Amino acid sequence: MTVQIPESRQAANEAAEWWRGAVIYQVYPRSFADTNGDGVGDLKGVTDHLDHIASLGVDAVWLSPFFTSPMKDFGYDVADYRDVDPVFGTLADFDALIDKAHRLGLRIITDLVLAHTSDQHAWFRESRQSRTNPKADWYVWADARADGSPPSNWQSVFGGPAWTWDARRGQYYMHNFLPEQPQLNLHRPEVQDALLDVARFWLDRGVDGFRLDAINFSMHDPRLRDNPPLPPGGKRTRPFDFQDKVHNQSQPEIPDFLKRIRALTDGYGGRFTVAEVGGDHADREMQAFTVGDDRLNSAYGFLYLYAPALNDQLVRQGAEAWHGRDGQGWPSWAFSNHDAPRAVSRWAGERDPRAFAGMAMLLLMCLRGNVFIYQGEELGLPQAEVPFDRLVDPEAIANWPQTLGRDGARTPMPWSADRLHAGFSTAEPWLPVDPRHLGLAVDRQEADPGSMLHLTRRLVALRKAHPALARGEMRLIDSAPGLLAFERVLDGERLLCAFNPGEQAIDWTAPAGWRVVEAINLEAGTGNALPPMAAMVLSDTAG
């Protein structure tokens, strides 16, 4: 028996799940646009350029942190969750941004950094004063071992032990990142309550959802057991890379906290939550954080973000992990963001970066899940070169020259090829503009119908025009080595997607009876081969 869902209820359900299959544009505010001439981007700069974002056809904007912060980790060290840092503007500026975005049909997603705060946060200032104050256990404190060494062998992401001695309490405090980012103790219900109040504050101001930063770091093993070593092998540039991080993150109590977040956001209707999940067990944790209907809506990991090459096996790995079985959550994907080197530089090699960027954008639009476009990705920007004396990222400086990805991915957005600092600011920017970005500036690409910018708009529109691409099933197809082929299927619509991310042509012929709806890097007369960096999307006209 088929149950017919009333059209009004079905429309309401689809509106509430606007995020399913959405295209979301990430803005790193420090580097987007500066309106007050201090060399740092601000919220007014984002507001002034929302029309550009809307012109791409995306559904939402994810804003990286703009909260009050001493900027030791550029906003991911929050000193006040309920205010805007003066370098970015004011709460009134944020309200104006929300208002304009909503008038343009764009939703706004903000970062929530729930695992740690800045050491300048009022909560930590109070916590460190004594072992008996009201917030004494709001952070993770522990006594030294008998020999004075840290309580466990845990290592921080940015290098060195995950523990710092504090003489006022005569104890160590934990930090998974910088010493200036003390770890919150989310095992305490009152800490969870305080963070939920923070989320409520921004929901009441009109935000449409949250990206939860490093959420698998949000709880620790209360027994402070040592992490075991990882088996030999793999790239290791930090002490952190030598351990299996099973005790300082990835704790089984995290999903219960996520249920509380989901219950809160569901109470506002049509809100979206997505977890950032990195690490050695990311696939397992992403699925645990999104399974069923009472945890987060989605999660994304670093499958593509840190991958040195794009190939069919990589895409198959992601598709097989998120194949859509009953109860499984909904994935999100990003090829580039503020934490990883830009994809075109990691993947194109010596090949034409514009051609590769176009193929990669089409692939992103064909993946099952939500997809993120990082600012500048619509322009095909390569990774910027930042000299050592201009580095500001604490991870890059500590691990130079091994990990340079974050500063090179965070340089200013080039708006105008001929204006000072590419139109980003009238002052020297906080990071330099790469000269190679000038020719890829927005104004140059607006004037070129064959530009990556115009192609991005076309490919986003393609995804929006075909529900099978946005929300359909993804069926992998066995094919020749190096060829990536899959179908996207939904409600009678059937699309065939074929990609050659490699460097050699692959024998392949489009099946008879299928209509080409999009083709990238294909010239007439290619015959029975799919050239390198070529891609096609075809529709089963008979279906």
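A crossing of two helices is right-handed if the near helix is turned clockwise from the far one by less than a right angle. The views below show a predicted model.

**View 1. Helix α6 passes helix α7 in a right-handed crossing.** The axes of α6 (residues 189-204) and α7 (residues 254-266) come within 11 Å and cross at roughly 30°. Angles under 35 degrees count as roughly parallel, and α6 and α7 are therefore roughly parallel to each other.

**View 2. Residues in the contact of α6 with α7.** From α6, the contact is made by P189, Q192, D193, L195, L196, A199, R200 and L203. The residues contributed by α7 are F257, R260, I261, L264 and T265. By class, the residues of this contact comprise eight nonpolar, two polar and three charged.

**View 3. An open sheet of five strands with antiparallel pairing.** The strand order is β14-β15-β16-β20-β18. At the edges lie β14 (473-476) and β18 (514-520), each of which pairs on one side only. On average, and with direction ignored, neighbouring strands of this sheet are turned by 20° against each other.

**View 4. Pairing of strands β15 and β16 within the sheet.** Strands of a sheet pair through backbone hydrogen bonds, either parallel or antiparallel. Here β15 (residues 484-490) and β16 (residues 493-499) pair in the antiparallel sense, over seven bridges.

Definitions and conventions: Residues numbered from 1 in each chain as written. Predicted model: local features only at pLDDT ≥ 70, side-chain atom pairs only at ≥ 80, totals over all residues. Heavy atoms only, no water. Axes fitted to C-alpha atoms, helices over the stretch in contact; angles between N-to-C directions. Helix = DSSP H or I, 4+ residues; strand = E, 2+ residues; numbered from the N terminus. Parallel < 35°, antiparallel > 145°, perpendicular 65-115°, else oblique. Contact = heavy atoms within 4.5 Å. Nonpolar A, V, L, I, M, F, W, Y, C, P; charged D, E, K, R; others polar. Pairing = 2+ DSSP bridges.
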